[in-house]
Structure formats: structure tokens, C-alpha cells
Amino acid sequence: MPQTYDSFASFYDRAFAPLEHYYLDRLRRRVLSALPANGRILEIGAGTGVNFKFYPNCRHAVASEISRQMIEIARPKAHQIDLIQTDAQTLPFPADHFDAVFATLVFCSVPDPARGFAEIRRVLKPGGQLILIEHVRPDGLLGYAFDALNVLTTAIIDDHFNRRTAASVADAGFEGIEVEKRLAGILNIITAQK
Ligand SMILES: C[S@@+](CC[C@H](N)C(=O)[O-])C[C@H]1O[C@@H](n2cnc3c(N)ncnc32)[C@H](O)[C@@H]1O
């Protein structure tokens, strides 16, 4: 729901600062270094623009985000990046358009991931790259703990803690799916191609 992140926007960067400093910033840098240079790239759920500094030189870079308040915070950081307000489930782009689409910590909040991944697949060129960093339902006993936690997190912050995101990517028809598991499998780096 956009309203959830509208209300988080003003303190989002401060709340995440320690995690960014000790872990996420380095991970983002490494994972997003795989983005192709000189092509068309699209970020989904760009939030406050924390990934902007990792964008490669591009023919066209688009950052999309559903929350108006998050966009207002991202705007001053967006240099040579088109920032647009849109829902990941209904992307306003032609088919076969982008060389790469990426998202970080987004598909826990998208209401219908299947619709989101179908849209991403539609707008990617054949052979185009999908890159994700997502928190997901871990394997084993911990997964059951996340099922329980999910009841609270969906009710309070509209955030799903037990998504099987790699499976949703596969169901959407992506190929060459690779999953790197971090933090006991809670965080997944998922890459795939159309
Ligand atoms: C946890 S934040 C992550 C922000 C940023 N990607 C990052 O790594 O810090 C999730 C973001 O996804 C956005 N979002 C949630 N549902 C969305 C949707 N259906 N379409 C587009 N963006 C969405 C939220 O507004 C929020 O900015």
C-alpha cells in the first residue's frame, strides 16, 4: 500500500542507516555492479533513492516508486535518472524495452508478486536481466517462525515475511535463475533472465 511507505518516508533513511552502514551498502554495491552499462535500466520500488549511486552510465535510467512521499525524498538524489510514480503491478512501459530491471527489498510489499514479475518480464528485452535483493521465507524450521512473524508484519507494516520470491520468479517464466542465500537464507540475491 502506498500509504504505508508515505508514512515511513520521513524517517526511512535514518531507521536503515545502521544496517546500510554495516551490511547493505556493500551488498548493494556488489550486486548492482552487474547492471549493464550503456543500456536502458529500470528500478522498481526505488524508495528514497539509496541505490542511485550504484547506477552505471546508462542510455536511459528509470527509477519507479509507488509512494509519493518516498519519491519526494529520492528526487534531489536523482541525477540523470527519470523518477516516476507507478505501481510495479502495472508498469507504463512498452514490451521488450529494458536491458535490466532490478529491485531491492520491494517484493515483500508488492500485493501480488505474480503480477509484478509478469509486468517486469513483459518490459524486459529478450535475454534482459532481472536482479533482486529480497528478504524471503528461509528454509527449515526458521521458515515456520517467519510464517508466524508474517501475521504481525503484514498487519502492522504491510510487509510479508514469508514470501517465496525465487519461486515467484520461476513461475513468471524467467530463465537461468540463480539464488545466493545470505543471513541464514533470510536474504536472497536472485538473478535471472527473460
Ligand atoms: C523496504 S522499501 C525499499 C526501498 C529501496 N528499494 C531500498 O532498497 O531501500 C520498499 C519500497 O517498495 C515500494 N513499493 C511497495 N509496493 C510497491 C508497488 N506495488 N509498486 C512499486 N513500489 C512499491 C515502497 O513504497 C517502498 O519504497
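Reader: How many residues surround the ligand, and which are the closest?
Author: In this predicted model, the ligand is surrounded by 20 residues. The closest are Arg28, Gly45, Glu65, Ala88 and Thr104.

Reader: How do the residues of that shell divide into nonpolar, polar and charged?
Author: Eleven are nonpolar, six are polar and three are charged.

Reader: Which helix gives the most to the shell?
Author: Helix 1, residues 2-32, with three residues.

Reader: What does the side chain of Tyr12 have to do with the ligand?
Author: An N or O atom in the Tyr12 side chain is 3.1 Å from an oxygen atom of the ligand. On the backbone side, an N or O atom of Gly45 lies 2.8 Å from a ligand nitrogen, and a backbone N or O atom of Ala88 also lies 2.8 Å from a nitrogen atom of the ligand.

Reader: And how much of the ligand's accessible area does the protein cover?
Author: On its own the ligand has 590 Å² of accessible area, and the protein covers 98% of that.

Reader: Where is Gln80, and is Gln80 buried or exposed?
Author: Gln80 sits in the loop between helix 2 (68-74) and strand 3 (82-85). Gln80 counts as exposed because its relative accessibility is 81%, and the cut-off for exposed is over 50%.

Reader: What about Leu183, what is the phi there?
Author: Leu183 has a positive phi too, near 50 degrees. Leu183 is in the loop that runs between strand 6 (175-182) and strand 7 (187-193). With a relative accessible area of 49%, Leu183 is partly exposed.

Definitions and conventions: Residues numbered from 1 in each chain as written. Predicted model: local features only at pLDDT ≥ 70, side-chain atom pairs only at ≥ 80, totals over all residues. Heavy atoms only, no water. Near = heavy atom within 4 Å. Polar contact = N/O pair within 3.5 Å; in protein donor to acceptor, adjacent residues only side chain to side chain. Areas by Shrake-Rupley, 256 points an atom, 1.4 Å probe, with all protein chains shown as cover. Helix = DSSP H or I, 4+ residues; strand = E, 2+ residues; numbered from the N terminus. Nonpolar A, V, L, I, M, F, W, Y, C, P; charged D, E, K, R; others polar. Buried < 20%, exposed > 50% of the residue type's maximum accessible area, 1.4 Å probe, protein only.
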